[in-house]
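Biologist: I'd like to learn how to read this model with you. Can we take it feature by feature?

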Amino acid sequence: MTSFVPGFLTMASLIVAIGAQNAYVLRTGLARHHVALVVTVCALSDAVLVLAGVLGVGGLVTAHPGLLTVVRWVGAAYLIGFGVLSLRNARHPKALGASDAVPSRNGVLATVLALTWLNPHVYLDTVLLVGSLANQHGREGRWWFAGGAAAASLAWFTALGYGARLLAPLFARPATWRVLDVAIALVMFTIAATLLLS
């Protein structure tokens, strides 16, 4: 049980940084479309990846660096495309609730899965780092550590997805959406550049 808190704090320190996934969860929460789906996919994905790390899949990842290279290039291309789409949205921003267009469930699912699983950093953070730290807590302690990490992920994505609605008054103005979309585009381009240059 004493390993739960270190697992929670470790994952919390890794997950709070603004990235492609967090930006998408925030945007989804602001628009209030398919928030439960996005939060569930993000939290479950992290739990699966942490579990894989605890079970030793990190050795497989390090033994096949070519796999991470493929994910890195595909992920960078996807992030660039998402950044371009965000810039296009910034050119014609709409106030919160100004559009009746609701994104399709399948489209949202595909986007959140891509932003989660095509990010090589997620494998380095959750599978390698969190997995190896968990395994330092012994046979039973590693599962508590993994449980703490999964709980941190669930708490963060739930707070981000559902807490975004508190910002709704701010996003009633199109100019605020423009700033958010430009910021998201810059984050996407920066992460893509980091992936391509690393």
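Modeller: Thr111, for one, is found in helix H6, residues 105–117. Keep in mind that this is a predicted model, where local features need pLDDT of at least 70, side-chain atom pairs count only at pLDDT 80 or more, and totals for chains, interfaces and linings use all residues. Residues are numbered from 1 along each chain as its sequence is written, and side-chain values use heavy atoms, with hydrogens and water left out.

Biologist: How many helices and strands are there in the chain?

Modeller: Nine helices and zero strands. Along the sequence that reads α-α-α-α-α-α-α-α-α.

Biologist: Back to Thr111: is Thr111 buried or exposed?

Modeller: Buried means under 20% relative accessible area, exposed means over 50%, and partly exposed is in between, using a 1.4 Å probe and protein chains only. Thr111 has 14%, so it counts as buried. Across the chain, buried residues make up 41% of the 198 residues.

Biologist: And which residues is Thr111 in contact with, leaving aside its neighbours within four places in sequence?

Modeller: Contact means heavy atoms within 4.5 Å. With those neighbours set aside, Thr111 touches Tyr24, Tyr78 and Phe82. For the chain, take contacts with a separation of 6 or more: residues 24 or more positions apart account for 90% of them.

Biologist: What about the overall radius of gyration of the chain?

Modeller: The radius of gyration is taken over C-alpha atoms, and the globule rule is 2.2 Å times the number of residues to the power 0.38. For 198 residues a compact globule would be near 16 Å, and the chain has 17 Å, which agrees. Along the principal axes, the C-alpha atoms fill a box of roughly 55 × 35 × 25 Å.

Terms used:
Helix = DSSP H or I, 4+ residues; strand = E, 2+ residues; numbered from the N terminus.
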